Each structure stands twice: as C-alpha cells, then as structure tokens.
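I opened this one to see how its pieces pack. My notes are below, in the order I looked things up.

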Amino acid sequence: MNPLLTVFIIGVLGYLLGSIKVKGLSLGTSGVLIVALLFGHYGMEIPSVIREFGLICFVTAVGFIAGPVFFRNFKSKALSYVVLGILIIAAGAASCVAVITLAGIPTPLAVGMMTGALTSTPGLAAAIDATGDSMASIGYGIAYPFGVIGVVLFVQLVPKLMRVDVLGRLRS
C-alpha cells in the first residue's frame with residue numbers, strides 16, 4: 001500500500017476514533033496514535049522520514065493546543081507543576097528500574113514502556129536514540145494505550161466527579 005495513503009487512512013480512522021464520545025469521554029487526538037499503533041502491529045510500515053515528520057506534527061499540535069493554557073496556569077502555580085512533574089517522572093523511573101530488575105525485562109523494552117505509560121511521545125524518540133534499539137517502540141506500543149486511557153479518564157472524569165470545570169469554578 002502507498003505510504004501516503006496509509007498515513008491518510010490512519011489519520012482519518014484515528015480522528016474518527018478520537019471523536020467517539022462515551023458518557024462525555026473521548027480519546028481526542030490520541031485516537032490517531034492508537035490507530036497507528038494498531039496498523040504497526042499488523043505489519044504496516046511507512047518510511048522513517050514520514051514517521052519522523054508525523055511525530056514532529058503530533059508533538060507540535062499538542063504544544064499548540066496545551067501550551068497557552070499551560071503557561072497561563074504556570075504563572076500562578078509554578079511550584080505545584082514542578083513538584084508534580086518531578087514526582088510523576090520519579091515514580092515512572094522507579095517503576096521502570098523495578099521492572100528491569102525484578103522481571104528481567106530488557107532495558108530498551110522497559111524504557112519504551114515507561115515512555116508509553118507516561119504518554120511521552122518525545123520520550124519515545126529520546127529512548128530510541130539513547131538505546132539504539134527499536135525494542136523501545138514495542139514497549140511504547142504496549143503501554144501507550146493504557147497510559148492514554150488513564151490520562152483521559154483522569155483529566156475528563158475527575159473534574160466531573162469533583163464538580164469543577166476546567167477553569168476551576170464550582171459547578172452548581
């Protein structure tokens with residue numbers, strides 16, 4: 001199959017998957033990456049230049065969407081963001097070391113799983129560069145869907161349960 005057609009099909013199916021809402025919850029843009037992982041699982045390959053360009057576009061789009069809100073909130077809650085970021089990365093790294101040590105999983109696979117669980121696409125690129133092993137991509141593919149589902153549920157469900165909208169006002 002033509003690589004450009006494959007990318008287009010992945011984009012369309014991912015967009016459709018991401019736009020499905022179940023009780024007000026949706027995968028959003030992560031639907032595209034989940035469909036891409038599914039295509040990869042079934043042997044669909046695209047040239048590395050297209051893959052890298054797609055990764056750049058994904059990370060850029062997420063930055064454009066989340067960046068303004070992040071920096072607006074960062075001004076008033078910088079310390080909380082820094083502490084939370086350190087705790088999340090430290091917990092992920094500790095879990096990764098434990099999995100490598102206790103379960104004997106190869107380091108590239110475990111590092112890929114950590115980046116997938118943290119839904120860190122730039123982390124995947126760094127893991128592949130650092131390990132020089134494509135096994136990191138496999139680990140990412142294993143853990144990413146679970147990480148996305150966890151983030152989606154947390155970000156969309158917790159405000160509803162706490163009756164707070166995303167701007168922090170109490171709902172009536």
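**Entry 1: the whole chain**

I note at the start that this is a predicted model. I counted secondary structure and got 6 helices and 0 strands in the chain. Along the sequence I read the pattern α-α-α-α-α-α. I took the extent of the C-alpha trace along its principal axes, and it comes to about 50 × 40 × 30 Å. Next I checked burial. Of the 172 residues in the chain, 19% are buried. I also looked at contacts between residues at least 6 apart in sequence, and 57% of them join residues at least 24 apart.

**Entry 2: α1 against α2**

How do α1 and α2 pack? I find an angle of about 130°, with the axes 7 Å apart. The angle is between 115 and 145 degrees, a range that counts as oblique, so α1 is oblique to α2. I logged the crossing of α1 and α2 as right-handed. I listed the residues that make this contact. From α1 they are T6, I9, I10, G11, L13, G14, Y15, L17 and G18. From α2 they are G31, V32, I34, V35, A36 and F39.

**Entry 3: T6**

T6 lies in helix α1, which covers residues 3–19. Is T6 buried or exposed? Its relative accessibility is 2%, so I count T6 as buried, the cut-off for buried being under 20%. I then left out residues up to four places away in sequence and asked what T6 touches. The partners are M1, F39, M44 and I46.

**Entry 4: α3 against α4**

The crossing is right-handed. On the α3 side I find G92, A93, C96 and I100 in the contact. On the α4 side I find T107, A110, V111 and M114.

**Entry 5: α5**

I moved to α5, residues 121–131. Which residues of α5 are buried? I get T121, G123, L124 and A127. They sit on the same side of α5, because they cover an arc of only 145° around the axis. On the other side of α5, D129 and A130 are exposed. I traced what the buried residues pack against: α2 (30–41), α3 (48–103), α4 (107–117) and α6 (135–161).

I then looked at both ends of α5. At the start, a side-chain oxygen of S120 comes to within 3.0 Å of the backbone nitrogen of G123. After the helix comes G132, with a positive phi near 65°.

**Entry 6: T115**

My last stop was T115, which lies in helix α4. Its relative accessible area is 6%, so T115 is buried. Setting aside neighbours within four places in sequence, I find T115 in contact with S120, G123, L124, A127 and Y140. G123, L124 and A127 are among the buried residues of α5 noted above. S120 is the residue whose side-chain oxygen reaches the G123 backbone nitrogen.

Conventions: Residues numbered from 1 in each chain as written. Predicted model: local features only at pLDDT ≥ 70, side-chain atom pairs only at ≥ 80, totals over all residues. Heavy atoms only, no water. Helix = DSSP H or I, 4+ residues; strand = E, 2+ residues; numbered from the N terminus. Buried < 20%, exposed > 50% of the residue type's maximum accessible area, 1.4 Å probe, protein only. Contact = heavy atoms within 4.5 Å. Arc of directions from axis to C-beta. Polar contact = N/O pair within 3.5 Å; in protein donor to acceptor, adjacent residues only side chain to side chain. Left-handed = near helix turned anticlockwise from the far one by under 90°. Axes fitted to C-alpha atoms, helices over the stretch in contact; angles between N-to-C directions. Parallel < 35°, antiparallel > 145°, perpendicular 65-115°, else oblique.
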